[in-house]
Amino acid sequence: MNKKILNIWMFGLLLMLPISSGQAMAAEEPDKTVRQFAIVIDDFGNGMNGTAEMLKLPVKFTVAVMPFMPTTKQDAEEAHRLGHDVIVHMPMEPNKGLKSWLGPGAITADLSDAEIRKRVEEAIDNVPYAVGMNNHMGSKITADERIMRIVLTVCKERGLFFLDSRTTFKTVVPKVTQEIGVPALGNDVFLDDVYTEQHVAKQMTIARKHLESHETCIVIGHVGPSGLKTAAVLKASIPTMQSDGQVQFVKLTSLLPSLSGDPFILPNP
């Protein structure tokens with residue numbers, strides 16, 4: 001090979017090296033995006049199993065408290081003292097089930113507009129430190145535009161956001177919140193719709209998988225029949241999820257940028 005050809009060949013090789021190295025580095029570079037994981041625990045307010053254990057979890061989360069129950073104020077005040085978000089866990093009629101399962105002050109489809117408004121306002125007043133609301137059951141109500149328009153209008157007036165628990169695929173919450181301007185979020189994964197630790201652990205795996213392609217994930221668990229099991233799985237899962245520094249446990253308010261500095265979205269005193 002003559003000298004001229006050799007120089008051209010060497011020059012071409014040098015040009016190729018940075019491109020190849022860069023491509024290799026890009027291929028090996030892990031996604032460093034910090035994912036936000038929001039835990040919501042429903043059904044506080046009635047001294048249910050797992051209440052104390054949930055409140056001892058080593059991260060901040062969101063406590064959904066049912067109104068007009070024996071420990072409503074106690075649970076809301078303790079959650080607030082510990083730095084958690086407090087939201088109203090508003091009882092709403094489901095498509096299937098007994099109205100007696102809902103507890104006092106529930107929103108049902110047979111109520112007048114005035115009575116719906118009255119019940120929502122009284123529920124908000126009954127839960128200290130509430131900054132938001134989500135639905136307890138409610139597959140029938142969250143699909144009813146007349147009723148949800150009233151519920152969400154009151155939320156807007158009182159400075160509350162709304163978390164759609166997504167108990168029905170027919171939910172009108174996204175449509176109505178957008179129309180009237182209420183900050184809204186939606187549940188991604190129910191953790192304990194089956195009351196076993198194995199199921200809760202499987203749902204946590206699904207939630208972690210969700211985070212691989214999304215920057216946020218909202219999960220809902222419960223105190224009550226599954227409370228101790230759900231608390232145990234969460235307690236075991238949290239350190240593992242925190243270990244690589246890519247998952248940040250947050251309250252729901254952290255997922256609502258409009259809450260910051262917006263005079264129209266204020267915590268309920």
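Predicted model: local features only at pLDDT ≥ 70, side-chain atom pairs only at ≥ 80, totals over all residues.

How many disulfides does a search of the whole structure find? The count is 0. For background, a disulfide is a covalent bond joining the sulfur atoms of two cysteines.

Where do a couple of the cysteines sit? Cysteine 155 has a relative accessible area of 0%, so this residue is buried. Cysteine 217 is at 0% relative accessibility too, so cysteine 217 also counts as buried.

## Helix 4 against helix 5

Packed helix pairs are described by the angle between their axes and the distance between those axes. Take helix 4 (residues 113-126) and helix 5 (residues 145-158): their axes come within 9 Å and cross at roughly 40 degrees. That angle makes helix 4 oblique to helix 5, and the crossing is right-handed.

Who's touching whom? On the helix 4 side, the residues include Ile116, Val120 and Ile124, while helix 5 brings in Ile147, Ile150, Val151 and Val154, among others. Sorted by class, this contact has 7 nonpolar, 1 polar and 7 charged residues.

## Helix 5 against helix 6

Helix 5 also packs with helix 6 (residues 173-180), at an angle of about 45 degrees and with the axes 10 Å apart. These two helices are therefore oblique to each other, and their crossing is right-handed.

Helix 5 makes this contact through Glu145, Met148, Arg149, Leu152, Thr153 and Lys156; helix 6 answers with Val173, Lys175, Val176, Thr177, Glu179 and Ile180. By class, that's 5 nonpolar, 2 polar and 5 charged residues.

Notes. Residues numbered from 1 in each chain as written. Heavy atoms only, no water. Axes fitted to C-alpha atoms, helices over the stretch in contact; angles between N-to-C directions. Helix = DSSP H or I, 4+ residues; strand = E, 2+ residues; numbered from the N terminus. Parallel < 35°, antiparallel > 145°, perpendicular 65-115°, else oblique. Left-handed = near helix turned anticlockwise from the far one by under 90°. Contact = heavy atoms within 4.5 Å. Nonpolar A, V, L, I, M, F, W, Y, C, P; charged D, E, K, R; others polar. Disulfide = S-S within 2.5 Å. Buried < 20%, exposed > 50% of the residue type's maximum accessible area, 1.4 Å probe, protein only.
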